[in-house]
Amino acid sequence: MNSSSSGFNVSSLRYRDSFNTVVAKNVIVLTLGLIINYINGSLIHTFRKHQIFYVNPRYILFIHLVVNDMIQLTSSISLFVLTYVFYRINVSLCCLIMIFTVFTNLNTPLNLAVMAVECYIAICLPLRHAELCTIRRTYILIALIWAMSAVSILPDLFILLATEPVELFYSTIYCHTDNLFSHPIHLKKKEVSFLVYLVVVWLTLLYTYIKIILAAKTAKASKSTKGDTNKGRNTILLHGFQLLLCMLTYVAHFIREALVYIFPENYKNINFASYIIVQMLPRLVSPIVYGLRDNTFRQHLEKYLLCSMRPSIKHGPH
């Protein structure tokens, strides 16, 4: 652990940014984070204020995804800023933030898979939708999502506690997954977990998308039904795009290594661009998929935004 950490820190020290660059990068990250979290916060407020969303499994799953994204974004930005300001932080604090970040990262693809299944049932099995997609089952699925993520991340913590001395948790470290969880068992488990997630989630999305495509081709119902089918197909496609962005977390390291090998002088910019694309961009897609595309949610969101703007206009300068 100590050797790997030292190796990472030496290489990182060699590529540290200038003060102006550090300020610029942190301002960009904080600004993007505040914008995304403000949008997501508006979606959560809209959900809380209207009873119609409480009884719809689709909106419950969506708002769970939004809350999960807010936790993930807040954790990753906190880690980003702390590592730039202090560079090395306490291992216990690093471990706590890292667990939240990894937990929510693992939740996202599972949540997207469940939302795709719900969309498939609504379009391909409409008569059984009310029976299969109940509120109780929705909350059970959300609990299972967290349980599956816990099964994946908590063993890493137990391995760390079993293989490292207690003194480690009172020391400081450059907080990075490869530094914190550097035991060979961690690396092997990470590969297996990624493979399982990748196969299960992508097969789920592929199956639901094909079924919805077939439903669109064979549909002989009204135009509104066809429109719902096409919208469902587009939603699954957006889920796939969002999942592709989320899955970049698992391959980003290899892409960075290749780019740094080709462009070693751009090491710092490659790392920063990777953070924006892998950690922040996927969290911007969620509001687009439902918050802006869904008519019901958009109407209530527009009312909330208009109502919040009116008082500021009334109390503005005359």
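Close-up 1. Arg128 has a relative accessible area of 41%, so it is partly exposed. Partly exposed lies between buried (under 20% relative accessible area) and exposed (over 50%), using a 1.4 Å probe and protein chains only. Glu131 also counts as partly exposed, at 46% relative accessibility. The two side chains, Arg128 and Glu131, meet in a salt bridge, 3.4 Å from N to O. A salt bridge here is a side-chain nitrogen of Lys or Arg within 4 Å of a carboxyl oxygen of Asp or Glu.

The model is predicted: local features need pLDDT of at least 70, side-chain atom pairs count only at pLDDT 80 or more, and totals for chains, interfaces and linings use all residues. Residues are numbered from 1 along each chain as its sequence is written, and side-chain values use heavy atoms, leaving out hydrogens and water.

**Close-up 2. Glu118 and Arg58.** A salt bridge joins Glu118 to Arg58, with the closest N and O atoms 2.9 Å apart. This pair links distant parts of the chain: Glu118 sits in helix H4 (residues 91-124) and Arg58 in helix H3 (residues 57-85), 60 residues apart. Helices are DSSP runs (H or I, at least four residues), numbered from the N terminus. Glu118 is buried, because its relative accessibility is 4%. Arg58 is partly exposed, at 24%.

**Close-up 3. Arg283 and Asp69.** Here Arg283 forms a salt bridge with Asp69, and their closest N and O atoms are 3.5 Å apart. Distant parts of the chain are linked again: Arg283 belongs to helix H10 (residues 267-292), Asp69 to helix H3, and 214 residues separate them. Both Arg283 and Asp69 are buried. In total, the structure holds three salt bridges.

Conventions. Helices (H or I, at least four residues) and strands (E, at least two) are DSSP runs, numbered from the N terminus.
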